[in-house]
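Grab a pencil and open the viewer.

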Amino acid sequence: MNRVPSYRTTQATITLQNFDVIGQDSKLSGLVGHTGLAKSAGAQAAAQIVALDMSPPLHAASNPMTMTANVVGSASLTDDEVQKIRTFIDRHALEHKAFGELRLNRLIDAVPKIYCIYPHVVPFHEEDGRYARTRFSCSGFVFEAYRKARIILLEIADLPDAGLPEIQVAYQGHLALLQRHGSGAAVLGLDGDGPWKVLFCGYLFHALNRDAASIRGTPYTPRIEDRYFPAEVSPA
Amino acid sequence: MNRDEMVRRFDEIVAEMMRRQGFPKTLRSISRGTTAEMVNILEGVGEISPSGRIEGSIQTDKGHIVFAGVTRNRSDPQVVQSPGEADAAPGVTEYSAVQLLNEVAAAEPPRGLLCAVELTQFSASQKQVLLPLLWTYILRNRNSNKPDDLVAVSAAIRKYIAILPMSRISEVAVLLDSGNRAQLSIELEIEVAKMIYRNFEVHPPVRADQYPELASRLFEMAHAYTNPRVLLRDKYSAAASLSIEALASLRSTLTAQALKLGSTSPHRWFSELISDDLDDLYEHWIAKNSDAAAWLREVRGLDMAPVMTQ
């Protein structure tokens, strides 16, 4: 199958492959605010893609949620790559499904223990360093899933620096919710004055907007403008 | 009832309570006219912290009772609960940890509570109270057919293994025992294997073959789930790969055989997956225990004979 470059959806129905990357716009037009993986292949309604995503909590195969696909990125995964990603998700599924059992007020309190903005993935440690769960950002979950398939989409060490105002644009919902409950950005990993090398969702679609050999051979080094897809789209 | 009858009845009650408990609080309760239900203590354990506060768990004929952050009243052997004074872990409100312990001790704690427990950090003495409660919950609910119960049991398993002293880690082999009348579901086996791996990723074994029983159970898992006929089924590859990786994390001599199961699989992606994860394990170990890291390289056959150069 020929690989399709990343694209903004314009049709009500789109055709996806297993674990294609779905992007949903935030309220600020053009910025990709949330991302996840398409649960299954085939023609689907763009407004209701059944997705595996780190919401939080993680929605894995046994409890998928729907997302609106405003942007789609595909690596045209091989069968072997699909199996690796599926195994990665199965390993984490029950770990995050547990959080669905929490009442809303406890879930909000629990967010910093199951979710992070920076770094994109980090265990939640007991005092002696052991850990029972792994925290992801939504983009971090997608990045790590592909990494397990030996597809390193981004050069993590070379991500652009981002200050708190830029991060707030992307994570305004999460940060506002925490603020209402008396927590700050530090609980999600943004401690100190910054800047931080945050893995924004939009970066993933630029990484996937290349030829197949580049996607698998060379991690993409994004620019801060790549928070948007396409990069030239920015809020007025 | 006239006064004489009342006195006689009172004496009978006191005598019965003294026979059952021999505890001054009984006398006091009765003299106050309270009608609190009595419980018989079957067994239990308590710990007095340096601050003098007491935490403990007792098994009674009416179920588990947990007490935490209580103080001894010097003039009276009864204790007075003061949950806000417990030595909770830093960053956690003391009351929440103590409250959770009390709620988990209930006969049928709600499922969401186990998930809240997983997210809470407990002090060392609180962990000693929590461990038997979690173990009881796991054994009582592991065979449930309700998917939501399995979610809660999985949370209990992860927390239990994450706080279990490393010296007692062999005990979790019971959970993987295939002789159990109702074998653990594959979802829960994944959680056990994953947590074993994570524990030893952080604390590499100081020598090989310290945990033979645990290794045997994991090898049985690996052998069952790497079968090419089942490997592609839902969750089987997760269980298979984690059992092999957990075996390696134990520094078990069964690791070589388990790795062979992976490398001879017709599914090349499966052996690649394990290889990548063991690369990660090596990176963790190299900074913690060079002997363990060297062992891992050797068992994977990565140590080549040195190339002689002139």
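**Exercise 1.** How many salt bridges does the count between chain B and chain A give?

*Solution.* Before we start, note that this is a predicted model, where local features need pLDDT of at least 70, side-chain atom pairs count only at pLDDT 80 or more, and totals for chains, interfaces and linings use all residues. Residues are numbered from 1 along each chain as its sequence is written, chains are lettered from A and ligands numbered from 1 in the order in which they are written, and side-chain values use heavy atoms, with hydrogens and water left out.

- Step 1: A salt bridge is a side-chain nitrogen of Lys or Arg within 4 Å of a carboxyl oxygen of Asp or Glu.
- Step 2: read off the count, which is 12 between chain B and chain A.
- Step 3: look at one example. B:D277 and A:R91 pair up through their side chains, at 3.1 Å from N to O.

**Exercise 2.** Work out what the two chains share where they touch.

*Solution.* 

- Step 1: count residues. Chain B puts 51 residues in contact (heavy atoms within 4.5 Å) with 32 residues of chain A.
- Step 2: look at the area. About 3,600 Å² is buried between chain B and chain A, 50% of it on carbon and sulfur atoms; buried area is the accessible area (1.4 Å probe) that two parts lose on being put together, summed over both.
- Step 3: B:L119, B:R198 and B:W269 supply 20% of the area chain B buries against chain A, more than any other three residues.

**Exercise 3.** Is A:S6 buried or exposed, and which residues does A:S6 touch?

*Solution.* 

- Step 1: locate it. A:S6 sits in the segment before β1 (7-8) of chain A; strands here are DSSP runs (E, at least two residues), numbered from the N terminus.
- Step 2: check the cut-offs. Buried means under 20% relative accessible area, exposed over 50%, partly exposed in between (1.4 Å probe, protein chains only).
- Step 3: decide. A:S6 has a relative accessible area of 9%, so A:S6 is buried.
- Step 4: list the partners. Leaving out residues up to four places away in sequence, A:S6 touches A:V72, A:G73, A:F205, A:L208, A:N209 and A:F229.
- Step 5: zoom in on one of them. A polar atom of the A:S6 side chain lies 2.7 Å from the backbone oxygen of A:F205.

Technical notes: Helices (H or I, at least four residues) and strands (E, at least two) are DSSP runs, numbered from the N terminus. A polar contact is a pair of N or O atoms within 3.5 Å; within protein, one must be able to donate a hydrogen and the other to accept it, and residues adjacent in sequence count only if both atoms are side-chain atoms.
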